[in-house]
Amino acid sequence: MAARADRQITHRSYVSYIDKSREYYSASGYDQPYRWAAHDEVPFTRLDKPLSECNVAVVTTTFLHHHDSAHGAPATGKQVYHHAVADVPDQMFTADLSWDKQATHTDDTESFLPLGSLQSLVDDGKIGALNHRFFGVPTEYSQRKTGLDADAIASWCAEDGVDIALLVPL
Amino acid sequence: MSLVARKLEAQGIATVVVGSARDIVEECGVARMLFVDFPLGNPTGKPNDREMQRSIVSLALDVVDTAIGPRSTVQAPIRWGTDDWRTAFMEIGEHNIDKLRAAGEKRRAAQAGS
């Protein structure tokens, strides 16, 4: 192991999006900063079976395009949805979400909706199954609305016998 | 999304959040997070890098399998390659401060009118 560090730093290297968005919206003239959810208690479910026997579902914050489905996304009025993994379009609708449009792109759905990766892990026997449908949830300003959406996804997961949910916010 | 993870955990479904906004997820409080230190947009790997994408997803599943308790964060052992995006995203400076304020005013006016 080399003794020399790779870098010398004076600030933490990973980005604080809470800080960044507060400062950005303040500079845009908004008086009140967004108030992010924070909890002291965190629920935890231990996995009670081997990965190789688990049914895995994906939850995304992206939406289908209008022309692909009734669940297609306008920028407003989005509804929580489920969609067959066998019927995923080449592109997902991401334009209205907040992500780094200068540094990267979302043309490859596997970079945020990893259904192909999961299928290859099924093929190799690492996990038991990829759930037959994935789930999409709008990124709501209202935490109360997100709570209701979460209830819908929880009941779909229970219906499908999902053991593990892989949640991938864009 | 972290609120969804919490709800699923409370109902007996094991979860992992694979994401790049570490502070938002950790402050909300989730059972498990795989932190991918990339610009927002590609939490499960660089576009078209199938090998990287598969290794991230595989690691996320290992985090589900091996976490000993809540608030388990693992950082994926990969780097984007450049660092300029860290400051360039939502950057505020002399060059855009007037533009930002004007855009904010326009948005507020539109919202007030709708």
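Start by selecting B:Arg71, which counts as partly exposed because 13 C-beta neighbours lie inside 10 Å; buried would take 20 or more other C-beta atoms within 10 Å, exposed means 12 or fewer, and partly exposed is in between, with C-beta atoms placed from the backbone. You're looking at a predicted model, where local features need pLDDT of at least 70, side-chain atom pairs count only at pLDDT 80 or more, and totals for chains, interfaces and linings use all residues. Residues are numbered from 1 along each chain as its sequence is written, while chains are lettered from A and ligands numbered from 1 in the order in which they are written.

Stay on B:Arg71 for a moment: this residue sits in the loop between α3 and β3 (72–75) of chain B. Helices (H or I, at least four residues) and strands (E, at least two) are DSSP runs, numbered from the N terminus. The phi of B:Arg71 is near 65°, a positive value in a residue other than glycine.

Next, click on B:Asn48, in the loop between β2 (32–35) and α3 (50–66) of chain B. Here phi is near 70°, again positive in a non-glycine residue. B:Asn48 has 11 C-beta neighbours inside 10 Å, so this residue counts as exposed.

Now show helix α3 (residues 143–160) of chain A and helix α1 (residues 2–10) of chain B: their axes come within 9 Å and cross at roughly 45°. Axes are lines fitted to C-alpha atoms, for helices over the stretch in contact, and angles run from 0 to 180 degrees between N-to-C directions.
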